[in-house]
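Please look over the sequence and the model shown here, and then follow the report on its loops, its salt bridges and one of its helix residues.

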Amino acid sequence: MSDTNTQPDKSEEVDLGQLFNAIGKLFERFFKFIGSIFKGILDVIILILKAFIQYFKIIVAVVIIALVAGIALDKTKEPIYFGNMLVEPYFQSKYQLNKNIELYNSLLQTQNYKALSEVFEISSEKVEQIVSFNLEKGPETENELLQKYDEYITTVDSVRGLEITFKDFKENRDLLSSEVFSIEVFSRNRDIFKYLNNGFIKSFENQYSKTLKERRDRIAELKKDLYELNLEQLDSMRLVYLKIKEEESKNNAGKIGLSGMIPVSQEKVDTREYDLLNTQIRIRDSIRTIEEEIIEKNVLYDVISTFPEMGVRHQSLTNKYTLFLPLISFLGLCLLFLILKTIRYVKNYK
């Protein structure tokens, strides 16, 4: 009996031992894999450092030559000047503005300076100095974005609105989501910007925006007429209540109210007159809101700031040869070294 009881225990010990050995080998392979990754990274770093030390003089010489060449090019190249104009389009005219900016850049690329000179009403010689046009979002404060976010959340489904965070809202806003835009112009002529203000007026003109404005004006006029008609009717009703009060005061026909001091009929007339007065105030507020909207948006756009009299020199990392040429030279040497190493490895491969 004792032999039969001990045999299963031995088999279980063997199974557990094999299991632990398998787990141990698995961890051993995992750590070897991790170690091989770090070893590979270290080998690459050592290889780069070795090449840098081995060809140090060549690298330094090439970078210095590229730096000198970059400084010389920056000194001799023609400067680029920058100017911008802030505008707030209405009635969806921002889409026409965006399309026109694309058109102007296309005319520059095809060197159709005559068409651009007709648009901006300046000479072709001045137009030739323009490098490019660009449209960017205008400045927006955090509070303005929060207000727009709140307005957007009210327009979507409540469940969907809970999933959209303020961060998501900011990241998913594209160029045409903005209300204020910056029209940017880059030119080789510093004095050209003051001549571009009037030309951009045409960038907002399109039949769709004009139709929207006319439709808004007609609807506003209809609402205003309806509100004024309601005011006339309320004035008539108010005169009727005043006449009733006058007749009741003459006839002294009021009954004793709940308080025992004022007539019930008098109390009802006063309440209705008060309601009429509140309704008149609300209607006049609505009329004033309509008139303010018409005054505020009576054009296709508003100019927040015009182009400056003179542009400022445009400086960026992409057009500075002093930084660009040495970096390109160093990366080119690294690529050349990698190609030579690859060729040598392929030749010696067995």
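## Two loop residues with positive phi

Gln-111 is found in the loop between H3 and helix H4 (113-120), where helices (H or I, at least four residues) and strands (E, at least two) are DSSP runs, numbered from the N terminus. Although Gln-111 is not a glycine, its phi is positive, at about 60°, and with a relative accessible area of 56% Gln-111 is exposed; here exposed means over 50% relative accessible area, buried under 20%, and partly exposed in between (1.4 Å probe, protein chains only). Most residues other than glycine have a negative phi.

Gln-92, which is not a glycine, has a positive phi of about 60°, and its place is in the loop between strand S1 (81-89) and H3. With a relative accessible area of 36%, Gln-92 is partly exposed.

## How the model is to be read

This is a predicted model, in which local features need pLDDT of at least 70 and side-chain atom pairs count only at pLDDT 80 or more, while totals for chains, interfaces and linings use all residues. Residues are numbered from 1 along each chain as its sequence is written, and side-chain values use heavy atoms, with hydrogens and water left out.

## Salt bridges

The count comes to 10 salt bridges, a salt bridge being a side-chain nitrogen of Lys or Arg within 4 Å of a carboxyl oxygen of Asp or Glu. One of them joins Glu-78 and Arg-188, whose closest N and O atoms are 3.9 Å apart. This pair links distant parts of the chain, 110 residues apart, with Glu-78 in the loop between helix H2 (56-76) and S1 and Arg-188 in the loop between strand S3 (181-187) and helix H9 (207-251). Glu-78 is partly exposed at 48% relative accessible area, and Arg-188 is partly exposed at 30%.

Arg-173 and Glu-140 also meet through their side chains in a salt bridge (2.7 Å, N to O). Arg-173 lies in the loop between helix H8 (166-171) and S3, and Glu-140 in the loop between strand S2 (130-137) and helix H6 (142-155), so the pair ties together parts that are 33 residues apart in sequence. Arg-173 counts as buried at 12% relative accessibility, whereas Glu-140 is partly exposed at 24%. Glu-140, Lys-148 and Arg-173 are linked in a network of salt bridges.

Asn-100 lies in helix H3 (residues 93-109) and, at 10% relative accessibility, counts as buried. Leaving aside residues up to four places away in sequence, Asn-100 touches Lys-202 and Ser-203, where contact means heavy atoms within 4.5 Å.
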